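Please keep the sequence and the coordinates at hand while reading.

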Amino acid sequence: MTPKNQRLTLALLGVGAMAGAGLLALSALKDQAAFFYAPADVARDGPPLGRTVRLGGMVEAGSVARAADGVTVRFAVTDGHATVPVTYAGIVPDLFRERSGVVAEGQFRPDGGFRATNLLAKHDEKYMPPELARAADGTRLHETKSLAP
Amino acid sequence: MTAEFGLAALWLAAALAVLQAAAAALGLARAREDVAAVTRPAAVAQGALACLAMAALVAAFANSDMSVRVVAENSHSAKPMLYKLAGAWGNHEGSMLLWVAILGAAGTAVALFERRLDPRTLAATVGAQGLIAVGFYAFLLFSSNPFDRLVPAPREGLGLNPLLQDPGLAFHPPTLYAGYVGLSVAFSFAVGALVTGRVDRAFARAMRPWVLGAWVLLTLGITAGSYWAYYELGWGGWWFWDPVENASLMPWLAATALLHSVTVLAVRDGLRAWTVMLAVVAFSMSMLGTFLVRSGILTSVHAFAVDPARGSFILALLLLYVGGALALFALRIGTVRAGTTFDPVSREAGLVANNLLLSVILGVVLIGTLYPVGAAAFGVQLSVGPPFFDRAAGPVALLLVAVLAVGPLLRWRRDEAGAVLGRLAAPIAAASLTAAGLFAFNGFGLSLLPFLGLSAAAGLAVASVLPLTGRRLARVPLMTWGMAVSHLGVAVALAGMACDAAFTRETLVAAQVGQPARVGPWSVTLDGIAPRIGDNWSAVEARLTAVRGEGTPLTLRPQQRFFSDPVTTTSESAIATRLDGQLYTVLGRPDGQGRWQLRLWWKPFVTLIWAGGVLIALGGALSLAGRALRDRRARAAA
């Protein structure tokens with residue numbers, strides 16, 4: 001093989017690898033792109049079942065209740081258009097409050113309820129995600145970003 | 001005065017960076033050696049001044065000089081001294097100043113210590129480093145001045161985000177930045193070589209130690225960041241596929257590929273154009289990461305300020321530098337002749353496979369990170385999370401591990417497939433035995449990725465030490481030791497990740513005092529709750545006693561900490577490290593009936609993740625030391 005041919009082969013392999021990455025990412029994105037849901041999305045399209053998603057909105061006033069086991073919390077997430085009941089067994093974040101923004105990670109149950117395995121709330125006033133800020137203004141909440149570092 | 005001194009140093013450094021770039025350009029264009037000779041002294045002075053400016057900012061933080069805006073907005077006089085000092089880079093302006101100081105210091109190091117590059121390429125390289133610096137000085141001075149004064153000065157500052165008040169702040173950002181920004185040297189080398197057309201073995205040998213050094217620091221920085229997030233956030237996770245984490249992973253992937261392709265260029269004079277391209281890509285990823293993190297389009301503890309003007313400024317710099325380098329590549333790569341050829345079964349081919357797979361992972365992470373940002377620009381809001389990255393990058397990573405096991409066992413230039421299979425007998429046996437053992441103990445109870453991960457880790461661990469066997473160990477060059485240790489580190493980290501995914505046990509209880517809870521093999525009892533007072537916080541602290549079997553009881557003290565400046569609560573986890581894993585405890589809230597929430601994890605062998613990261617970096621350091629020693633001997637002999 002001449003150097004020129006080898007260079008061409010390598011270039012083609014490189015292009016092939018990039019195309020492979022693109023295809024791989026697109027096929028995974030098709031399943032995972034709809035990762036975030038607002039209650040209105042669920043009311044319109046039905047709950048996505050069998051996979052881990054995020055549900056975001058405001059904690060409805062007066063909806064937070066603790067179960068007798070001391071670790072399970074029930075509350076409702078609303079976006080002003082629809083409401084989803086959520087159960088969460090775990091330590092709630094420090095800034096989890098009624099009428100405040102929350103993003104729950106977990107799975108929908110067939111009955112339309114949501115079982116959260118993780119709650120993300122804002123860390124403090126300075127680090128509030130813009131979409132939660134929007135939700136706090138009463139406008140429709142769209143999207144989440146993780147609060148991890 | 002300190003602030004004005006810092007600002008003056010910054011302006012002067014910016015002027016010197018302009019001189020540095022202009023002298024290199026003029027000197028090379030007019031073939032005037034006396035003009036080009038100005039480049040290196042200018043780079044040294046520029047780097048020293050940038051570091052002085054950084055020192056001035058640290059001094060302002062140490063003295064709690066509240067008349068400096070960033071100090072007032074991000075510090076507090078009651079903070080412990082360590083967090084005052086490290087807090088200098090715990091904000092947007094300070095962290096960008098640290099970025100520029102490291103950029104200047106890297107240029108200084110090249111100007112002082114680079115001896116192998118021919119004078120013209122060296123002048124072009126140092127000039128390119130100056131050109132990069134000019135843009136970032138402009139960014140600092142025009143949109144993120146760290147030395148802005150506040151008139152009148154407030155009596156007290158607003159304080160630092162308590163999540164950042166941790167010893168990790170002193171170590172993680174500077175190390176990560178040194179690696180991240182250190183890659184600028186590889187970028188400048190590539191630009192320099194494209195300008196003079198000298199892409200050859202000497203170029204690769206000169207560039208390799210710089211790439212290695214940056215890569216070692218980047219590896220350490222990422223490892224430290226992962227451990228910090230693990231114990232500070234109290235979720236028990238060690239990697240979240242957060243865009244900010246991806247911003248540091250992408251340069252690492254590119255740098256890892258570059259490290260291997262530059263070896264092919266240095267040893268066999270192959271992969272010339274590809275290596276130059278990777279050097280450009282690696283630092284482009286660093287700049288992209290800076291844009292993602294510092295522009296405020298992402299939200300995390302790393303994104304300190306949301307200011308669209310800053311985002312546009314960095315985006316413009318990014319497009320200018322990356323676009324400029326790519327244009328130079330397109331114009332000049334035709335003058336670089338194709339390198340030597342090699343067989344499809346050879347060390348070179350193995351390294352090409354490594355590079356292709358690393359590029360695929362880089363592409364997947366890049367798409368997953370940028371897709372939501374791009375979609376947002378068109379008004380479509382979506383979010384890409386861990387399921388995407390696990391699914392798209394996981395299988396490619398396993399394939400890469402297989403290549404990693406085979407590659408070092410291949411000979412340069414040409415090898416026999418049959419002989420290679422023979423050399424692979426021991427690793428394949430180790431992987432199969434591990435797989436059989438896992439199956440015998442767990443049946444189908446183990447999910448696929450951890451199962452494959454543990455088996456692959458066992459095979460890789462054996463394969464990585466094979467290059468050392470059958471040789472007098474004292475005579476094995478340090479570079480070979482470095483390769484073996486780094487590859488073993490990958491196996492160790494992979495084993496830790498798989499163990500964490502497969503065997504972690506978690507318990508959540510509302511505990512009464514004296515009532516034990518079980519997590520894995522441990523029995524954990526809440527002995528009591530007591531208040532605690534720190535320098536700038538108060539806390540409720542649980543005293544937990546943990547016993548495993550008949551062993552000695554351990555005491556753990558997880559806390560809920562309350563900070564007043566700014567008003568925040570943080571959970572301080574308590575972790576007990578044993579040889580075979582970590583017991584991780586977090587204190588939650590009282591339930592109003594005398595019980596306290598406790599979240600407990602038993603994580604077998606989780607520490608291997610970070611031990612592996614340290615081993616990977618150690619291997620790089622060994623290799624670097626080996627090369628330095630060899631150079632010294634060669635110079636002594638000459």
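Two strands pair if DSSP finds at least two bridges between them. By that criterion, strand S8 (residues 574–578) of chain B pairs with strand S9 (residues 581–590) of chain B, for 5 bridges join them and they run antiparallel. The coordinates under discussion belong to a predicted model.

An open sheet of 4 strands has the order S1-S10-S9-S8 in chain B, with antiparallel pairing. Which strands stand at the edges, each with a single partner strand? They are strand S1 (505–511) and S8 of chain B, so one side of each is left without a neighbour in the sheet. On average, and with direction ignored, neighbouring strands of this sheet are turned by 15 degrees against each other. In a regular strand the side chains alternate between the two faces of the sheet.

A further series of strands in chain B is linked by hairpins. Strand S2 (residues 516–519) of chain B pairs with strand S3 (residues 522–533) of chain B over 4 bridges in the antiparallel sense. Within this pairing, B:Arg518 has B:Ser523 as its bridge partner in S3(B). The hairpin formed by S2(B) and S3(B) has 2 residues between the strands, and in its turn B:Gly520 adopts a positive phi of about 55 degrees. S3(B) is also joined to strand S4 (residues 537–548) of chain B, by 11 bridges and again in an antiparallel manner. Here B:Leu526 stands opposite B:Leu544 in S4(B). S3(B) and S4(B) form a hairpin as well, with 3 residues between them.

With these strands in place, chain B may be considered as a whole. Chain B contains 19 helices and 10 strands. Its C-alpha trace spans about 85 × 75 × 55 Å along the principal axes. How does the radius of gyration of chain B relate to that of a compact globule with 638 residues? For such a globule the value would be near 26 Å, and chain B has 26 Å, which agrees. Of the 638 residues of chain B, 55% count as buried. Among contacts in chain B with a separation of 6 or more, 74% are accounted for by residues 24 or more positions apart.

Among the helices of chain B, helix H19 (residues 608–637) can be examined in detail. H19 of chain B has 30 residues and reaches 43 Å from its first C-alpha to its last, close to the 44 Å expected at 1.5 Å a residue. The buried residues of H19(B) include the glycines B:Gly612, B:Gly613, B:Gly619 and B:Gly620, along with B:Leu608, B:Ile609, B:Leu615 and B:Ile616. Also among them are B:Ala617, B:Leu622, B:Ser623 and B:Leu624. What covers these buried residues includes helix H9 (201–233) and helix H18 (478–503) of chain B.

B:Phe605 lies in the loop between strand S10 (596–604) and H19 of chain B. Its phi is near 60 degrees, a positive value in a residue other than glycine. Is B:Phe605 buried or exposed? B:Phe605 counts as buried because it has 22 C-beta neighbours inside 10 Å, the threshold being 20 or more.

Another positive phi, near 50 degrees, is found at B:Ser64, again a residue other than glycine. B:Ser64 is placed in the loop between helix H3 (39–62) and helix H4 (69–74) of chain B. Because B:Ser64 has 17 C-beta neighbours inside 10 Å, it counts as partly exposed. B:Pro152 lies between helix H7 (119–143) and helix H8 (168–196) of chain B, in the loop that joins them.

Chain A remains to be described. Its secondary structure comes to 3 helices and 7 strands, and from the N terminus on the elements run α-β-α-β-β-β-β-β-β-α. Of the 149 residues in chain A, 38% are buried. Among contacts in chain A between residues at least 6 apart in sequence, 49% join residues at least 24 apart.

Conventions: Residues are numbered from 1 along each chain as its sequence is written. Chains are lettered from A and ligands numbered from 1 in the order in which they are written. This is a predicted model: local features need pLDDT of at least 70, side-chain atom pairs count only at pLDDT 80 or more; totals for chains, interfaces and linings use all residues. The expected span of a helix is 1.5 Å times one less than its number of residues. A residue is buried if 20 or more other C-beta atoms lie within 10 Å of its own, exposed if 12 or fewer, and partly exposed in between; C-beta atoms are placed from the backbone. Two residues are in contact if their C-beta atoms, placed from the backbone, lie within 7 Å. The radius of gyration is taken over C-alpha atoms; the globule rule is 2.2 Å times the number of residues to the power 0.38. Axes are lines fitted to C-alpha atoms, for helices over the stretch in contact, and angles run from 0 to 180 degrees between N-to-C directions.
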